[in-house]
Amino acid sequence: QVQLVESGGGLVQPGGSLRLSCAASGRIYNINIMGWYRQAPGKQRELVATITRGGSTNYEDSVKGRFTISRDNAKKSVYLQMNSLKPEDTAVYYCNAHLIPITTMSPGYYWGQGTQVTVSS
């Protein structure tokens, strides 16, 4: 069974940094796009950043220049380095991957369980 497991969330002061990690496990044939989304209380889930298998990246405007997404294909992992954090970055952050499980050979989107990031003094 395919799973995505996030780690690295927590409480940080404004201006601080956090690094989120997400590892995919299970029998996976291929992982294409990986990304991070977030959902703040009372708001819809929104895209933060994505990265293709080849390393092409895309960022939501409010995080450009502050967040950096990266991945390790051998480790089936994606990371989000978050610098200069602001209170408005407070949200549950979800890992997402478009992948093909060996068991089905059918591509689909998979989600992690989410990790809380709180930016507050």
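This is a guided tour of one predicted model, stop by stop.

Residues are numbered from 1 along each chain as its sequence is written, and side-chain values use heavy atoms, with hydrogens and water left out. Because the model is predicted, local features need pLDDT of at least 70 and side-chain atom pairs count only at pLDDT 80 or more, while totals for chains, interfaces and linings use all residues.

**Stop 1**

Select strands β1, β3, β8 and β7. Strands are DSSP runs of E with at least two residues, numbered from the N terminus. These four form an open sheet in the order β1-β3-β8-β7, with antiparallel pairing. At the edges are β1 (3–7) and β7 (67–72), each of which pairs on one side only. From one strand to the next the twist averages 15°; axes for such angles are lines fitted to C-alpha atoms, and angles run from 0 to 180 degrees between N-to-C directions.

Two strands pair if DSSP finds at least two bridges between them; β1 and β3 pair in the antiparallel sense over five bridges.

**Stop 2: S21**

Stay on β3 (residues 18–25) and select S21, which lies in this strand. Is S21 buried or exposed? Its relative accessibility is 19%, so S21 counts as buried. The cut-offs for relative accessible area are under 20% for buried, over 50% for exposed and in between for partly exposed (1.4 Å probe, protein chains only). Contact means heavy atoms within 4.5 Å. Leaving aside neighbours within four places in sequence, S21 is in contact with V5, E6, S7, W36, V78 and Y79.

**Stop 3: the disulfide**

A disulfide is a covalent bond between the sulfur atoms of two cysteines; here the criterion is a pair of cysteine sulfur atoms within 2.5 Å. The structure holds one disulfide, and it joins C22 to C95 with an S to S distance of 2.1 Å. The pair links distant parts of the chain, with C22 in strand β3 and C95 in strand β9 (residues 91–101), 73 residues apart. The torsion about the S-S bond of C22 and C95 is about -80°, so the disulfide is left-handed. Both C22 and C95 are buried.

**Stop 4: K43**

Move to the loop between β4 (28–39) and β5 (46–51), where K43 lies. K43 is exposed, with a relative accessible area of 59%.

**Stop 5: the aromatic cluster**

Finally, select Y37, Y94 and W111, which form one aromatic cluster. Rings of Phe, Tyr and Trp (its six-membered ring) pair if their centres lie within 6.5 Å; planes under 30 degrees apart count as stacked, over 60 as edge-to-face and the rest as tilted.

How many aromatic pairs does a search of the whole structure find? The search finds two aromatic pairs. Y37 and W111 form an edge-to-face pair, 5.0 Å centre to centre with 65° between the planes. This pair links Y37 in strand β4 to W111 in strand β10 (residues 108–111), 74 residues apart. Y37 is partly exposed at 22% relative accessible area, and W111 is partly exposed at 38%. The rings of Y94 and W111 have centres 6.5 Å apart and planes at 85°, so this pair is edge-to-face. Y94 is buried, with a relative accessible area of 14%.

A charge sits over a ring if NZ of Lys or CZ of Arg is within 6 Å of the ring centre and within 35 degrees of the ring normal. The charged end of R45 sits over the ring of Y94, 3.7 Å from its centre, and over the ring of W111, 4.6 Å from its centre.
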